[in-house]
Amino acid sequence: MSNFRIAPAPSERRTYQRIDVDYRAVVRLPDGNSLPCRVKNISPMGALIEFPEARILPSAFRLTVPDELFSAECEFRHQTGNCVGVLFTTGRMEALAKFG
């Protein structure tokens, strides 16, 4: 008989599951510049956005999704290559109604 145990699967940390989408969007930086991007998945709490190439972003900015009539202030959470995870700091109730 062996003395090892199988570790339980890690639990999902997100309160809301993200849904896969492909929305045209714009990041508006605090200095007034805009960067086109795509929203790849979204939930009432945040999103994963993709840029044509890797970007250095500030810790806070506005994400606007024109076709969904949605806009929210965001906080930078993580980045892998040209994809950036964000947490919505405003617009959560609107996001819940649209994407929850």
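Predicted model: local features only at pLDDT ≥ 70, side-chain atom pairs only at ≥ 80, totals over all residues.
Serine 43 is placed in the loop that runs between strand 2 (34-42) and strand 3 (46-50). The relative accessibility of serine 43 is 2%, so the residue counts as buried, the cut-off for that class being under 20%. A polar atom of the serine 43 side chain lies 3.1 Å from the backbone nitrogen of methionine 45. When neighbours within four places in sequence are left aside, the residues in contact with serine 43 are Tyr16, Gln17, Arg18, Phe88, Ala95 and Phe99. For alanine 95, which is 52 residues from serine 43 along the chain, the separation of the two C-alpha atoms is 6.9 Å.

Two of the residues in contact with serine 43, Phe88 and Phe99, also belong to a cluster in which ring pairs link Tyr23, Phe70, Phe88 and Phe99. Across the whole structure, 3 aromatic pairs are found. One of them joins phenylalanine 70 and phenylalanine 99 in an edge-to-face arrangement, with 5.4 Å from centre to centre and 90 degrees between the planes. Phenylalanine 70 is located in strand 5 (residues 70-80) and phenylalanine 99 in helix 1 (residues 92-99), so this pair ties together parts that lie 29 residues apart in sequence. Both phenylalanine 70 and phenylalanine 99 are buried.

Definitions and conventions: Residues numbered from 1 in each chain as written. Heavy atoms only, no water. Helix = DSSP H or I, 4+ residues; strand = E, 2+ residues; numbered from the N terminus. Buried < 20%, exposed > 50% of the residue type's maximum accessible area, 1.4 Å probe, protein only. Contact = heavy atoms within 4.5 Å. Polar contact = N/O pair within 3.5 Å; in protein donor to acceptor, adjacent residues only side chain to side chain. Phe/Tyr/Trp six-rings, centres within 6.5 Å; stacked < 30°, edge-to-face > 60°.
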